[in-house]
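Me: I am new to this structure. Please take one part and look at it closely, from the aromatic rings to the helices around them.

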Amino acid sequence: MATMDSNAPLQLVNWDLAASSAAKLAPPGPRLSAAEVRDAVANLRELADLSVEHVHRITGLEAARDLRDSELIIVDRASWAKANTQSFKVLMAPAIEHLAQTKAEQLKAANASLGGAVTGAQMGAILAFLSSKVLGQYDPFVASSRGPGGRLMLVAPNIVSVERELNVEPADFRLWVCLHEQTHRVQFAAAPWLKDHMMEHISELTVGLADKAETLAERLTNALKSLPTRTQDGKDQDDDGVPPSDGGILSLLQEPEDKARLSHLTAVMSLLEGHANVVMDAVDSSIVPTVKTIRRRFNARGKTRGPVEKFIRRLMGLDAKMRQYSDGARFVRAVVDAVGMEGFNRVWERAENLPTEKEIHAPGEWITRMGL
């Protein structure tokens with residue numbers, strides 16, 4: 001029987017296994033020749049650089065003039081999954097440290113019996129599913145090779161797959177995607193305090209959940225039982241016939257204090273995603289000639305998802321994330337219409353200027369609080 005090294009780091013998730021499992025389980029991407037791969041990577045890099053100028057013009061954020069503290073990388077699905085295991089490891093570190101200090105024996109027992117293998121495999125399966133869905137991502141939590149500013153990843157096979165599925169002009173679609181992702185990069189450059197602010201609140205949330213680890217299995221079971229069923233008319237309903245919140249399992253597991261933490265993070269994510277969508281949609285045909293066709297076809301994609309994918313998205317809270325895009329975009333547009341982009345950009349000055357979840361749905365309250 002293998003013995004556990006008492007000096008080995010405690011690891012509830014085998015991150016290497018998660019990355020390798022995701023790479024094995026991820027669906028194959030579009031078939032491309034070596035030359036097509038090189039051309040796509042070069043084109044994405046060129047368009048990503050070009051998009052920064054448009055982000056600067058639309059947002060008025062001076063941070064868009066200089067993004068040298070972060071890096072742009074073009075990745076495949078396996079590389080995206082591996083990068084996210086690195087990010088999750090950083091985000092979970094405070095909770096693991098907290099458990100090591102408060103529940104050392106339980107943590108050692110769990111580490112000895114599982115070695116992170118089960119959770120690593122489960123995380124790998126989740127990342128495999130997501131690796132074929134994500135077009136791009138800005139990760140502020142893992143420092144880039146160029147500095148502390150994070151990494152912007154564009155997932156080349158997924159971008160090519162979607163542009164083929166939609167039958168749209170590749171260069172136009174790629175620039176459209178780059179506008180959204182580069183906006184995230186600019187947001188964190190314009191608000192250098194934002195990374196630490198989010199890290200603090202994510203840590204509080206994960207530590208809070210770690211404190212309730214003993215009842216996690218019971219709450220998870222209850223959450224699964226609470227997932228809605230499909231009716232013949234295609235609507236999701238709970239037993240009482242009321243449409244559920246659709247926030248995924250995470251939202252069903254929270255205590256009141258956790259819900260407050262999650263509410264703040266939801267508001268921040270809604271702001272970031274909504275702002276990026278507004279920038280992406282601010283371009284006209286002079287920049288992206290086929291932008292109207294791209295918007296129409298891209299927005300219609302969700303209607304063609306099968307029941308299994310819809311269930312998985314619901315389980316993981318991905319539909320709630322999609323609402324963050326639309327809710328945040330409505331907030332940004334309402335504020336910009338009322339007080340202009342310069343007034344809206346007050347949001348990047350300090351943490352106290354971030355909107356609450358209530359204000360995301362009531363922009364006038366944020367405007368009043370800011371004295372605009």
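**A ring pair and its helices**

Reply: F298 is partly exposed, with a relative accessible area of 23%. That value falls between the 20% limit for buried and the 50% limit for exposed. The model is a predicted one.

F173 is buried, at a relative accessible area of 0%. Searching the whole structure gives six aromatic pairs. In one of them, the ring centres of F173 and F298 are 6.3 Å apart. Their planes stand at 45°, so this pair is tilted. F173 belongs to helix 7, and F298 to helix 12 (residues 291-299). The pair therefore ties together parts 125 residues apart in sequence. Ring pairs also bring in W176: F173, W176 and F298 are linked into a cluster.

Helix 7 (residues 170-190) packs against helix 6 (residues 156-166). The angle is about 125°, and the axes are 10 Å apart. Angles of 65 to 115 degrees would count as roughly perpendicular, and those over 145 as roughly antiparallel. Helix 6 and helix 7 are therefore oblique to each other. Their crossing is right-handed. Helix 6 brings I159, V160, V162, E163 and L166 to the contact. Helix 7 brings P170, F173, R174 and V177. Of the residues in this contact, seven are nonpolar, none is polar and two are charged.

Technical notes. Residues are numbered from 1 along each chain as its sequence is written. This is a predicted model: local features need pLDDT of at least 70, side-chain atom pairs count only at pLDDT 80 or more; totals for chains, interfaces and linings use all residues. Side-chain values use heavy atoms; hydrogens and water are left out. Axes are lines fitted to C-alpha atoms, for helices over the stretch in contact, and angles run from 0 to 180 degrees between N-to-C directions. Helices (H or I, at least four residues) and strands (E, at least two) are DSSP runs, numbered from the N terminus. Angles under 35 degrees count as roughly parallel, over 145 as roughly antiparallel, 65 to 115 as roughly perpendicular and the rest as oblique. A crossing is left-handed if the near helix is turned anticlockwise from the far one by less than a right angle, and right-handed if clockwise. Contact means heavy atoms within 4.5 Å. Ala, Val, Leu, Ile, Met, Phe, Trp, Tyr, Cys and Pro count as nonpolar, Asp, Glu, Lys and Arg as charged, and the others, Gly among them, as polar. Rings of Phe, Tyr and Trp (its six-membered ring) pair if their centres lie within 6.5 Å; planes under 30 degrees apart count as stacked, over 60 as edge-to-face and the rest as tilted. Buried means under 20% relative accessible area, exposed over 50%, partly exposed in between (1.4 Å probe, protein chains only).
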